[in-house]
Amino acid sequence: MEISCAFATSSTTPEHVELAEELGYKRAWLYDSPALYPDVWMVLSRCAERTTRIGLGPGVLVPSLRHPMVNAAAIAELADQAPNRVAVAIGSGFTGRFTLGQRPMPWRRVAEYVRCLKALLAGEPAEWDGATIRMLQLPGFGAQRPLAVPILIGADGPRGLAVAAELGDGVFSAAVPQPDAVEAADWRALLAFGTVLDDGEELTSPRVVAAAGPAAVVLYHAMYERGGAAAVDALPGGRRWRAAIETVPQHERHLAIHAGHLVEANPRDAPHVADLIPMASSMALTATRDKMPGKIAALGASGVTEVAYQPAGPDIERELRAFASAAGLTGVGN
């Protein structure tokens with residue numbers, strides 16, 4: 001099992017990735033959601049400048065946000081800055097599209113995008129928007145082609161897994177392991193959340209709420225967007241959360257739902273965090289230091305080969321250090 005980390009991309013992420021390298025994390029994945037976070041490629045470049053060993057990559061890119069040539073050029077430059085350290089995850093879009101008032105992309109379009117991107121990185125011509133395109137960068141303008149950068153597919157269902165099996169080098173899932181992913185790829189990364197509890201610490205303590213709450217309330221967001229009222233009402237505090245969110249006009253509601261995504265509970269989330277955290281924490285990597293290895297091992301038994309842990313709350317350094325210690329990492333920063 002590889003232990004990696006993931007970040008809601010911020011201006012301070014480069015220093016956190018530098019710490020993650022010292023602690024022994026395998027890879028750092030950065031989110032691509034421009035309505036919420038700074039540009040992922042700009043921050044990844046800064047991370048590359050501050051590190052020498054840790055893997056780097058966006059997780060996950062949303063194809064509709066950029067022309068495939070734009071992402072190909074960014075991948076080539078990052079690979080030139082951080083040779084043999086870059087991997088890329090691509091998906092159909094969750095907050096990267098919901099925050100723009102759009103639904104996730106059809107998987108057919110994601111597959112077309114991945115095929116085009118792979119051809120460009122191989123140095124081959126590709127078809128896009130009815131025209132033939134090819135990377136024309138000369139030496140000194142990014143890594144030379146063919147460029148072997150692993151591409152994982154951000155899949156959470158059978159259609160995404162089918163694209164991963166056909167085109168991907170791995171599967172990148174979120175929160176819940178995909179049982180069928182073992183049939184799609186050998187590399188199966190899982191984005192995971194939670195916090196390492198101090199001895200005797202309660203799930204509803206202010207520190208735990210600040211660290212685990214941002215991921216817990218995403219259950220409201222995801223269930224409401226994907227399953228509607230009935231789905232979110234079944235969650236603890238869900239009916240009251242929905243009543244609050246539905247006071248926002250429909251044309252702006254997506255902005256209110258996803259504000260603070262994986263960074264902090266937004267004003268409509270905050271009153272209900274204490275209701276939701278016990279249930280959410282049972283599915284997350286929230287445990288005391290001595291219990292954490294068992295939780296990680298259970299993910300391995302379900303087919304996960306890489307855990308990408310996202311720290312949250314006001315003390316990212318504390319979360320990175322505590323999880324690294326609980327996971328048994330042996331970096332120099334421990």
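1. Two strands are taken to pair if DSSP finds at least two bridges between them. On that basis, this predicted model contains an open sheet of eight strands in the order 3-2-1-12-9-8-7-4, with parallel pairing. Strand 3 (55-58) and strand 4 (88-91) stand at the edges and have a single partner strand each, so one side of each is left without a neighbour in the sheet. From one strand to the next, the twist averages 25°.

2. Within this sheet, strand 1 (residues 2-7) and strand 12 (residues 306-309) run parallel and are joined by four bridges. E2 has E306 of strand 12 as its bridge partner. Across strand 1 and strand 12 lies helix 14 (residues 316-327), which runs at about 165° to strand 1.

3. As to annotation, the UniProt record, in an unreviewed entry, lists residues 13-305 for "domain: Luciferase-like".

4. The next point concerns aromatic contacts. A pair of aromatic rings is described by the distance of the centres and the angle of the planes. Seven aromatic pairs are found in a search of the whole structure. One involves W29 and F172: the ring centres are 5.0 Å apart and the planes stand at 65°, so this pair is edge-to-face, planes over 60 degrees apart being counted as such. W29 belongs to strand 2 (residues 27-30) and F172 to strand 8 (residues 170-174), so the pair ties together parts that are 143 residues apart in sequence. W29 and F172 are both buried.

5. For Y31 and Y37, the ring centres lie 6.2 Å apart with the planes at 45°, so the pair is tilted. Both of these residues, Y31 and Y37, are buried. Separately, one aromatic cluster is formed by Y220, Y224 and W241.

Key. Residues numbered from 1 in each chain as written. Predicted model: local features only at pLDDT ≥ 70, side-chain atom pairs only at ≥ 80, totals over all residues. Heavy atoms only, no water. UniProt positions renumbered as here; feature names shortened; annotations may be inferred. Helix = DSSP H or I, 4+ residues; strand = E, 2+ residues; numbered from the N terminus. Axes fitted to C-alpha atoms, helices over the stretch in contact; angles between N-to-C directions. Contact = heavy atoms within 4.5 Å. Phe/Tyr/Trp six-rings, centres within 6.5 Å; stacked < 30°, edge-to-face > 60°. Buried < 20%, exposed > 50% of the residue type's maximum accessible area, 1.4 Å probe, protein only.
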